[in-house]
Amino acid sequence: MVTKRLFACVVSALLMAGCGSDEESNDGRKVVNIGHVGPLTGPQSHLGKDNERGAALAIDEANQSRIVIGGEVIEFRLLSEDDEANPQKGTVVAERLMDANVAGVVGHLNSGTTIPASKIYFDAGVPQVSPSATAIEFTHQGYETAYRVMANDEQQGKVLGDFAVKTLGARSIAIIDDRSAYGKGLADEFESAVKQAGGTIMTREFTDKTKIDFTAILTTIKGLDPDLIFYGGMDAQAGPMMKQINNLGLTANFLGGDGIQTTQFTVLSGAEGEGVYASSPGLPLGQMKGGTEFRDKYKQVYREDIQLYAPYAYDATSVMIDAMTRADSVDPAAYSPLLRDADFPGVTGRIRFDERGDLKGGSISLYRVTSGAWKYIETFGGGE
Amino acid sequence: MDIFAQQVINGLVLGSVYALVALGYTMVYGILGLINFAHGEVVMIGAMIALAVVSALLAVSPDMSPFTLILIASAAAILVCVFLAFLMERLAYRPLRNAPRLAPLITAIGISILLQNIAMIIWGRKYKMVPQIFPTETHEIFGASITSVQLFIVAISGVLMVGLLLVVHFTKLGRAMRATSESQRVAGLMGINVNKIISVTFMIGAALGAVAGILVAGNYSVAHYSMGFMLGLKAFTAAVLGGIGNLGGAVLGGLLLGLIESIGAGYIGNLTGGFLGSNYQDVFAFVVLIVVLVFRPTGIMGERVSERA
């Protein structure tokens, strides 16, 4: 009996929380809920928490500046959900946020969770701004509710292809991918960019996430003697791959995407990883317009350093609140069209969206391993 | 550089490790008719223990000679794996020895998952970097390059495999093992302590597995809690290919599988005119396995038709 009553309490509390837009805060402000989704448990939980903190910082700032929308002072609240980086869980929490009548969603972190959840947000007509999902498909499904504030894999593949052919002067190129959605997608984009830039693809080889022996495909590649090897995949494979490349006496340049632009890669490859090139969407924090300021603010509030995407989560939240302010409404149907023509000076750069919801002029930065650490080379795209 | 020679060398290096691990499967199968699916995890534990010992020793005395380092680390890894195998047999398999066939098989899969998770808790989820203890020198053989570590892998595997065959065929212990595999009951009547022999078989297999784990970690410079799973599966395939239960078969199967994988991945594109790529390398290996089993259901060197499998 007691448990039943407790259950009833919990349910009613949840229902009340669900009444979002009609709720009032203690000081008479109108409460508007904004959802956030990312992996808050599991191996990527540090990244999910980082995004959540970025969004929370934006919300706090908006509340401090007492934004007035529709004649009422608004108190924004962040409803944060955990998708465990699991696509199935992603759709469950997306439904939960829709039941809670959130005005918009910041998230998800991974492409794999963002894509299936985007249909739920689209059906409900609620705008979704992802800080870090880069798979092309996300914004190519025809959902006008889908946005991202980071350059996508198409842009990254293009920059990588141009860099390989034009900057590094590679004429003949071999591609390896790990057959994951990310690795294959990036390799496909890289391949078409290389062809466009006038380079030749000698071969396309494949591996997968469970393998650590690449000698067979690397030997084939060595026989073709390419100028450059591109790897679409993650650091755990690229690390040991570097050693085998050197053992076989392959001297071609090695290039990868953001999956290998990690400290884990430099740890795993050690001295063998020296001179490897890789890209990552966005600018390095120090180069962002409000980067240093944001880093200090983050550190002051959370007493920890930024992990990765917090500035993007911050911008995703801010650009959403900006659209609400301009529309003078928190109704998704009313402010959604204004989100589309946002022109917002974010921490990560100027934020504007194209007709698909992709970031206009998103920048991609290139890095190279020098003395065992990633060193920034230059940034492509981005304009201002 | 001669591409074909290089692919053959790649295959032999890969194959020697498969063979070493396959011996562990085939020994246990020969004597008990049990497929010990946890054997791949024993290999992983061997690699992890060796890595932990090496890291600890390097932290204490950075100038220790590479040979002492490897010797201590290998001894520790082998001891732990042997003890683990002893426990596994005593606690998990012995109580089920007279149970229906499926029970020990499922237990083996359970132990495999258990060991993987324990390793994950102890050593974390990340891929771990294995420090390079020996300098990598590249040698040229028939126009192909092979590193000193790879030469070492082939040599050590060869020595261990020959040693095992000698033990099994020419010692009292080996005779007792062969007798036990023929018939546990009759062997028992002849005064052989069957329980002890089975236990020893597990332990020898685990020791070989530990060495294989160290070789793999040293060669690729990485170790991970899930590294034993795929390796175990491949080695099991090799054992079946060669004729499970047959020691020579495991060695042959391992080397063959290594060669098939390597040459398959290297040439499948050319052979099919670019229709199939290196993404079919595993498919290629398994097709060969199926073809062999269609014509020789007991594997290449398997003699008797097993009624127990």
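In chain A, strand β9 (residues 228-232) runs parallel to strand β10 (residues 253-256), and 4 bridges join them. One bridge partner pair is A:F230 with A:L255 in β10(A). Between β9(A) and β10(A) the chain passes through α8(A), and this β-α-β crossover is right-handed. That term means that, with the strands pointing away from the viewer, the path from the first strand over the helix to the second runs clockwise.

This is a predicted model, in which local features need pLDDT of at least 70 and side-chain atom pairs count only at pLDDT 80 or more, while totals for chains, interfaces and linings use all residues. Residues are numbered from 1 along each chain as its sequence is written, chains are lettered from A and ligands numbered from 1 in the order in which they are written, and side-chain values use heavy atoms, with hydrogens and water left out.

β10(A) also pairs in the parallel sense with strand β11 (residues 277-281) of chain A, over 2 bridges. There A:G256 has A:A278 of β11(A) as its bridge partner. The chain goes from β10(A) to β11(A) through α9(A), again in a right-handed β-α-β crossover.

Chain A also contains an open sheet of 6 strands in the order β2-β3-β1-β4-β5-β6, with mixed pairing. Its edge strands, β2 (68-69) and β6 (146-148), each pair on one side only. Within this sheet, β1 (residues 30-38) and β4 (residues 104-106) of chain A pair in the parallel sense over 3 bridges, and A:I34 stands opposite A:G104 in β4(A).

What does chain A present to chain B? In contact (heavy atoms within 4.5 Å) are 28 residues of chain A and 30 residues of chain B. The elements giving two or more residues to the chain A side are β8 (200-206), α7 (215-224), α8 (235-247) and α9 (263-269). α7(A) gives the most, with 7 residues. By class, the chain A side divides into 10 nonpolar, 9 polar and 9 charged residues; Ala, Val, Leu, Ile, Met, Phe, Trp, Tyr, Cys and Pro count as nonpolar, Asp, Glu, Lys and Arg as charged, and the others, Gly among them, as polar.

Note on methods:
Pairing = 2+ DSSP bridges.
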